[in-house]
Amino acid sequence: MAQMPALIPKEVEIQRLKKIYLMVIMLGSIAASVEVDNFVDGSLHQTAIRDSAFTPAHWWLYSHFIALPLGWGFVAMYDRRVPVLRGPNNSMNTGLKITIIGYLATMFTIGINEMWHFWFVEEIFSVPNHWMFNMGVVVAFMGALAYVVRVYARLVELGAETPARNPYVAEMYKLALEGKLYSRSVP
C-alpha cells in the first residue's frame, strides 16, 4: 500500500476504526440472527398452508433485510471520517459498496417474493424468487469480509506505529509486520 500522509492524528483514527469495528460486529450479529429466523420461517412453512408478509416469522425476517442495508449505510457515512479507507478517486470503499448492494438486493426481493407467491403458491426455497435472497446475502458477506479485513489491516498498521505498553506485544507487532511472526525463521 502506498504511503499516505496522515490526515488525522493516529489516536483519533484508531478510535474511529474501533467504532467502525463495533458497528460491524453489531451488524454481524443482526445478520447472524437472520439464520435463526430462517429455521423459524422454515418450520412455519411446514405447518402453515399459506402465509403472507404479515406473519410473525416474516416480520422478523423482513425487518432484518431493511435494517441491514440501513445499518451498512450508516457505516458508510461514518467511514467517510477515516480518509485511508476511501476507495478509488475518493469514493466509497469497494467492500462497503458490495455489502450495501448485496443487502439492497435482499431488501427489494421482499416485494418480488410476495408478488411471486401471489401467483404461485408453493413455498419451496429453491424457487427463483428465493435465489436473490441467497445471492444477495452471499454478496453482502463477501463485501463485508473485504471491508473488515481492510479495517483490521489498518488497525494493525496503526497499532504497530503507536508504542505498546507491553514490550512483548510491541515485539509481536514488529515481528508480524516483518512477516516473521509465524515463520520458522524466528528462533
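This is a predicted model: local features need pLDDT of at least 70, side-chain atom pairs count only at pLDDT 80 or more; totals for chains, interfaces and linings use all residues.
Leaving aside neighbours within four places in sequence, Glu13 is in contact with Ile8, Val82, Val84, Arg154 and Leu158. This residue is found in helix 1. Glu13 has a relative accessible area of 5%, and it therefore counts as buried, the limit being under 20%.

The protein chain contains five helices and zero strands, and its elements, read from the N terminus on, run α-α-α-α-α. Of its 187 residues, 35% are buried. The accessible surface of the chain amounts to about 11,700 Å², and carbon and sulfur atoms account for 71% of that surface. Among contacts with a separation of 6 or more, 70% involve residues 24 or more positions apart.

In an unreviewed entry, UniProt lists residues 20-39, 59-78, 98-119 and 131-149 under "transmembrane region". Two of these spans may be compared with the model. Residues 98-119 are 100% helix and 0% strand, with end C-alpha atoms 32 Å apart. Residues 131-149 are likewise 100% helix and 0% strand, and there the end C-alpha atoms lie 27 Å apart.

Tyr147 leads on to the aromatic residues. A search of the whole structure finds two aromatic pairs. One of them joins Trp72 and Tyr147 in an edge-to-face arrangement, with 6.3 Å from centre to centre and 80° between the planes. Trp72 lies in helix 2 (residues 56-79) and Tyr147 in helix 4 (residues 128-161), so the pair ties together parts that are 75 residues apart in sequence. Both Trp72 and Tyr147 are buried.

The loop between helix 2 and helix 3 holds Asn90. With a relative accessible area of 45%, Asn90 is partly exposed, whereas Glu13 is buried. Asn90 and Arg80 stand ten residues apart in sequence, and their C-alpha atoms are 9.4 Å apart in space. The backbone of Asn90 also deserves attention, for its phi is near 60°, a positive value in a residue other than glycine. Most residues other than glycine have a negative phi.

The description ends with helix 5. This helix comprises twelve residues (residues 167-178), which at 1.5 Å a residue should span 16 Å; the end C-alpha atoms are 17 Å apart, which agrees with that expectation. Just after helix 5 comes Gly179, which takes a positive phi of about 80°.

Definitions and conventions
Residues are numbered from 1 along each chain as its sequence is written. Side-chain values use heavy atoms; hydrogens and water are left out. Rings of Phe, Tyr and Trp (its six-membered ring) pair if their centres lie within 6.5 Å; planes under 30 degrees apart count as stacked, over 60 as edge-to-face and the rest as tilted. Helices (H or I, at least four residues) and strands (E, at least two) are DSSP runs, numbered from the N terminus. Buried means under 20% relative accessible area, exposed over 50%, partly exposed in between (1.4 Å probe, protein chains only). UniProt positions are given in the numbering used here, feature names are shortened, and annotations may be inferred rather than shown by experiment. The expected span of a helix is 1.5 Å times one less than its number of residues. Contact means heavy atoms within 4.5 Å. Accessible areas come from the Shrake-Rupley method with a 1.4 Å probe; for residues, only the protein chains shown count as cover.
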